[in-house]
Amino acid sequence: MKRFRIKNKKICLTHILLIIVSLVWIYPFIWMVSASFKTDDEIFAKGLNLIPKNFNFDNFIRAWNNANFEAYFFNSIVVTVCTVLLVLILSAMMGYVMGRYEFKGKKVVLGIFLASMVIPLGFTIIPIYQAIKALGLMNTRIGLILAESGGSHIIFILLFAGFFKEIPKSLEEAAIMDGCGFLRIFINIMLPLSKPIIGSVVIMQFIWTWNSFLLPLVLTLSNEGLRTLAVGLYAFKGEYVVDWTGIAAGGTISLIPIIIVFVVLQKYFVEGIAGSIKG
């Protein structure tokens, strides 16, 4: 009985500690949402107060209309969706080959991909810029999509490779007996089975592309109409004045699609991560 009480106390203390850490962790997010309904004077007068005196929706209207967020939001949707689709297709196909087949130089290819993970994006921005410029795709959505979807995406490849490796070969052999080729096996059998990994890849890549700042900034310098939301938020910062409530409202708007995607796909995300760890 005494051990049971001690165990319960430890569990309660652990839960209390986790709740405190969670509150500290999500406080900036809650503060941003709260600040989006405040005035500038209210932010500086009572910065730590999370409850606004009056819920002011003018900040959202100003961000959406005056700061051209409508165009930025559309650009972010187009670039992010297309990038996610490209990355999903490429990483799934690469993961299928790496997980199901043995070929000469496989370890070398994998080593190159792993090595690419340690290269910061800032070091690759110049060759990416030159490549997009050479293709004549500067200041275009297509150029931005190709730049965002480039890279090895080794994490996604390893997730797919680990998952495909665990699928019984009997399924593949049965499909071959039925006359299925490589692509048909991949599309009709392997991809439907990998929904958890697909959900994980979609969520992670969606968040990374949606919040990307450096590439959209560099590749759309001469065309403000093609900027994404992350770059558009920079418009609230003037030379001498910063519109803090506008930034908070814009940040809140930009978080809505991420929350929706995560809520819709969280089941697959948890299954995909759990399956990759188990594998």
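How many nonpolar, polar and charged residues does the lining of the second largest pocket have? The answer is given below, after a note on the model.

## Basis of the model

This is a predicted model, in which local features need pLDDT of at least 70 and side-chain atom pairs count only at pLDDT 80 or more, while totals for chains, interfaces and linings use all residues. Residues are numbered from 1 along each chain as its sequence is written, and side-chain values use heavy atoms, with hydrogens and water left out.

## The second largest pocket

The lining has 6 nonpolar, 2 polar and 6 charged residues. Here Ala, Val, Leu, Ile, Met, Phe, Trp, Tyr, Cys and Pro count as nonpolar, Asp, Glu, Lys and Arg as charged, and the others, Gly among them, as polar.

The volume of this pocket is about 300 Å³. Of its 14 lining residues, Met98, Gly99, Glu102, Lys106 and Lys165 are the closest to the centre. A pocket is an open set of points on a 1 Å grid over the protein atoms alone, where a 1.4 Å probe fits, with protein on both sides within 12 Å along at least five of seven lines; lining residues have an atom within 4 Å of a point. The volume is the space filled by probe spheres set on the points, which are joined across faces, edges and corners.

Helices α4 (69-100), α5 (106-116) and α8 (154-166) each supply at least two lining residues, and α8 gives the most, with 5. Helices are DSSP runs (H or I, at least four residues) numbered from the N terminus.

## Isoleucine 26

Helix α1 contains isoleucine 26. This residue is partly exposed, with a relative accessible area of 36%, as partly exposed covers values between buried (under 20%) and exposed (over 50%), with a 1.4 Å probe and protein chains only.
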